[in-house]
Amino acid sequence: MQSWTMMGRRAALPLAALALCALAAQARASELFVSNEIDDTVTVLNGQTYQKIATIPTDERPRGIYASPDHKYVLVCDGDSSNIDVIDARTLKVVRRIETGPDPETLAMSPSGDRVYVSNENNALVTVIDFATGKWIKQIPVGIEPEGLAVSAHGRTVVVVSETTSMAHFIDTRTWRVVANILVDTRPRIAQFTRNQRYLWVSSEVGGTVSVIDPRTHRIVHVIDFHIPGVDREYIGPVGVRFTPDGRTAFVALGRANRVAVVDAQTYEVEKYILVGQRPWQIAFSPGHRRLFVVNGLTNDVTIIDVSSEEAVRSVPVGRLPWGIAVIP
Amino acid sequence: MTVRRAAGGIGLLTLAVLAGVSLALVAAAPARAAVRSFSITFLRKTYHFNKEVLPSLLETHPADLGLSGSEEATSELNTAGRFIGWHFTLDVVTVPDGGNLAAAARRLLARGPRVIIADLKANDLLTLADLPAARNALILDMRTIDDSLRQQQCRANVFHILPSQAMRTDALAQYLVWKRWSRWFIIQGPTSGDAVYAADIRRSAARYGARVVADRTYSYNPGSRRSDTGYQQIQTQMPLATEVSGDYDVIFVADETDLFGDYLPYNTYAARPVVGTQGLVASAWTPAYQEYAALQMQQRFDLYAHRGMTERDYGGWLAVRIIGNAVMRAGLTAPLAMRKYLRSKGFLVAGYKGQGLTFRPWDNQLRQPVLLSTPLMTVSMSPQHGFLHPGYTTDTLGFDEPETKCNLGQ
């Protein structure tokens, strides 16, 4: 009923606006892809209306999810099936499966999209795969339970964090050697380069902090702490980290604290805590960076945050135990 | 006495081979700088165990119980150590049942204070802790759950990994109160441990506003359990044992040696669930637990030991991980300095519970969420939502600072 009312209103608009509407109808809206760890599916939501467009069956235990740099594909790691499902972002079908070795948890791609980096959680490896052929280029031993991967803008450095070894491992992509191992606070989950590539932020879920690392000296230059009135320290578990395009602000999902922290990326001061669903882990921006999507593992939904007002505006149900999110513009 | 040296690192290699990884693809680890080594002693006694007393054929008693947890963790430390120049060895010292533990420990400690993981029962643990040579040692108790070792019998050189009996009854009590199953019928077995556990149940009831509506001691003769007609005897004996006049919500059983507790479910006089040492059980770990990434730990342990990970394995695993943090994170190797660090605000260890675990300074007990499980499922995890504490929510379980009879904190 509501959509009909809206159509009626639109019909009354001036001609120019009508033409815009027609254009918008032709171009497909952005889409959000959410991996549901227990359901073995990926939920696809319309990026404007947040309506469910499709539920794509995957192989077993989908977790890490990544949009290819050309936005043609969405890749999802199937931990219990030892492969990656490649979803065609247009047809929303799994078009290919790439073998990864055991227990792929998450992945990242080189800036050109020619290589896929996979963290093999159960055997402490990073597997480097040629995306075109699916052939393995290299396997690099790292710490135990490797998870979050970050690729530098020039593609020469790949960082992987190992949850049980509690390290950030810097890999040189020309030699495939691990060039630095930095001990961070307990159970690191995500690594993210700042927009200007000057620093690397690593979130530590059990340690309850975010370490800011200088990738040139491989030293920790700052550790961000979180204090939420009325929330026990034990519940503060930083995971997802994302920076606004101007690089000034970072959003950090805090797990069992059920909040997303807004952090000044220059002073490292926490400016605000936004209440979201339960156990938010991974986060992602909308294409224009006006919205931030927060995936809540325990409440099986995505909280939508308005970036300018820094407020949660809506929540949208997805599958069971949603894990990660990728956005196709 | 036998001494075995478990080489760390082998576990990882085996794991990679098992997983079918082409080793040719694996890039070489970076050249190591000066590698420092640290030795951990794993001291255990092989207590005589009569398999006949296990009520279920599905229950097993592997010889590597506990030790495999420590071995797996040592290999994990060496994965980390490889990157930052540390190598750990686990020196296993086994004293046979009836052997002289004190003599073995004295030989060990003759070379100076050491870091010892103790897979020992309460009496032997105290024998070890009270040796003059152990005064400056660090002993990690990975096995006991006895309240007394955290209360009157606490020792400054001993740190307890597993939750105490009181933490267990509190963990169950919070859940029962949350369920509003607040009328409890206590059935207590014949051992002294059962008496302590039953006293803890009464303490938990008073603490959380539950009511003990019946309280009974039961001594079951296990002679007939493996006979062909065993179930018939049980079918008549258990209803008799559980018949009381008033109504109750749950049977809270205190039977630490598994004499009869497992016979209670479905054999009780009234249709009521069983919790306690059997039925719904409180523990630090079960092979079925998979939340908070515990699935990864379970899979890793299974690859190493070819069996499920028990609570004692978890105790052994966590003890080694704690030592790893003190050595690699804090850079400490002297046992006394490590003791100080473990009691400080700077210390924290991850144990697949969704939060960092720390030691209580007043009794050296590890703070931790406690699992409530049946043999196949994790039912819940305490502290329950809504139970509050000014310091740590996990301090709602067991003896809090104002109640302690230990006072190591002073």
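**Ground rules**

I am working from a predicted model, where local features need pLDDT of at least 70, side-chain atom pairs count only at pLDDT 80 or more, and totals for chains, interfaces and linings use all residues. Residues are numbered from 1 along each chain as its sequence is written, and chains are lettered from A and ligands numbered from 1 in the order in which they are written.

**Entry 1: a sheet in chain A**

I started with the sheet that holds β16 of chain A. In what order do its four strands run? I read β16-β17-β18-β19, an open sheet with antiparallel pairing. Helices (H or I, at least four residues) and strands (E, at least two) are DSSP runs, numbered from the N terminus. Two strands pair if DSSP finds at least two bridges between them.

At the edges I found β16 (188-193) and β19 (219-225) of chain A; each has a single partner strand, so one side of each lacks a neighbour in the sheet. Neighbouring strands are turned by 20° against each other on average, direction ignored; the axes behind that angle are lines fitted to C-alpha atoms, for helices over the stretch in contact, and angles run from 0 to 180 degrees between N-to-C directions.

I then followed β16(A) to its partner, β17 (residues 200-204) of chain A, and found five bridges in an antiparallel run. As a landmark, I noted that A:Ala191 has A:Val202 in β17(A) as its bridge partner. A reminder to myself: strands of a sheet pair through backbone hydrogen bonds, either parallel or antiparallel.

**Entry 2: another sheet in chain A**

I next looked up the strands β20-β21-β22-β23 of chain A, which form an open sheet in that order with antiparallel pairing. β20 (241-243) and β23 (270-275) stand at the edges with a single partner strand each, so one side of each has no neighbour in the sheet. From one strand to the next, the twist averages 20°. β20(A) pairs with β21 (residues 249-253) of chain A over three bridges, in the antiparallel sense, and here A:Phe243 stands opposite A:Ala250.

I went looking for exceptions, since most residues other than glycine have a negative phi, and most peptide bonds are trans.

- A:Asn300 has a positive phi of about 55°. I located A:Asn300 in the loop between β25 (291-296) and β26 (301-306) of chain A. Is A:Asn300 buried or exposed? A:Asn300 is buried, with 20 other C-beta atoms within 10 Å.
- B:Asn364 also has a positive phi, near 55°. Its place is the loop between β13 (356-357) and β14 (370-373) of chain B. B:Asn364 is buried, with 25 other C-beta atoms within 10 Å.
- B:Ser382 and B:Pro383 are joined by a cis peptide bond, with omega about 10°. B:Pro383 lies in the segment after β15 (378-382) of chain B.

My cut-offs for burial: buried means 20 or more other C-beta atoms within 10 Å of a residue's own, exposed means 12 or fewer, and partly exposed is in between, with C-beta atoms placed from the backbone.

**Entry 3: B:Leu336**

I found B:Leu336 in helix α10 (residues 335-342) of chain B. B:Leu336 counts as partly exposed, with 14 C-beta neighbours inside 10 Å. Leaving aside neighbours within four places in sequence, B:Leu336 is in contact (C-beta atoms, placed from the backbone, within 7 Å) with B:Pro113 and B:Asn136. B:Leu336 and B:Pro113 are 223 residues apart along the chain, yet their C-alpha atoms are separated by 8.5 Å.

**Entry 4: where the chains meet**

How many residues of chain B are in contact with chain A? I get 28 residues of chain B against 33 residues of chain A. On the chain B side, α2(B) gives the most, with five residues. That side divides into 18 nonpolar, seven polar and three charged residues. Here Ala, Val, Leu, Ile, Met, Phe, Trp, Tyr, Cys and Pro count as nonpolar, Asp, Glu, Lys and Arg as charged, and the others, Gly among them, as polar.

Conventions. Two residues are in contact if their C-beta atoms, placed from the backbone, lie within 7 Å.
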